[in-house]
Amino acid sequence: MKTSVFRAFLATAFAVGSMALLPQQAAAQINKGLPLVELTIGKAKLKAEVAADNNTRTVGLMNRFSLQPDHGMLFVFAQSQPLAFWMKNTYVPLSIAYIDAQGVILNILDMKPHDESTHPSAGAALYALEMKQGWFKDRGIVAGNRVEGLDKAGKARQ
């Protein structure tokens, strides 16, 4: 994920799966060339890079210093499960929306750069969507809203 291998490690602790990279390897990596998907939440539209395998989910948005307006990252998992992210090696303040298999936002949390505390989902999530901090709030997006276009992201790959 963008936040780090440790993120994947924490997610693993919550039954997310196994890590593919060691922390030292992920710390220097930046995801490049990921597929983009267009998503809609109410009237808000966004473009999200799709992180759908262990390597891309582990690296996520780590080691980036900015995000384009209305751009973020969508993390796709193989099965719905409790998730938890943190912000190690992440420089951009982010908000994360955990999304269930039906596309409904479970909860939205703000995360500070380099914060190693966990930010858990409020239930079993199949997706996590990270946007620049405040993006959801500025558009009136809250838990219970539906995310459209998730089917275009494809399935998780191991």
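Five aromatic pairs turn up in this structure, which is a predicted model where local features need pLDDT of at least 70, side-chain atom pairs count only at pLDDT 80 or more, and totals for chains, interfaces and linings use all residues. Rings of Phe, Tyr and Trp (its six-membered ring) pair if their centres lie within 6.5 Å; planes under 30 degrees apart are called stacked, over 60 edge-to-face, and the rest tilted. Residues are numbered from 1 along each chain as its sequence is written, and side-chain values use heavy atoms, with hydrogens and water left out.

Take Phe65 and Tyr91: their planes sit at 35 degrees, so this pair is tilted, with ring centres 4.4 Å apart. Phe65 is in the loop between helix H3 (54-59) and strand S3 (71-81), and Tyr91 is in the loop between strand S4 (84-85) and strand S5 (94-99), so the pair ties together parts 26 residues apart in sequence. Helices (H or I, at least four residues) and strands (E, at least two) are DSSP runs, numbered from the N terminus.

Then there's Phe85 with Tyr98, an edge-to-face pair at 5.8 Å centre to centre and 75 degrees between the planes. Phe85 belongs to strand S4 and Tyr98 to strand S5, so this pair ties together parts 13 residues apart in sequence. Ring pairs also link Phe85 and Tyr98 with Phe75 and Phe77 into a cluster.

How accessible are these residues? Buried means under 20% relative accessible area, exposed over 50%, and partly exposed in between (1.4 Å probe, protein chains only).

| Residue | Relative accessibility | Class |
|---|---|---|
| Phe65 | 64% | exposed |
| Tyr91 | 35% | partly exposed |
| Phe85 | 0% | buried |
| Tyr98 | 0% | buried |
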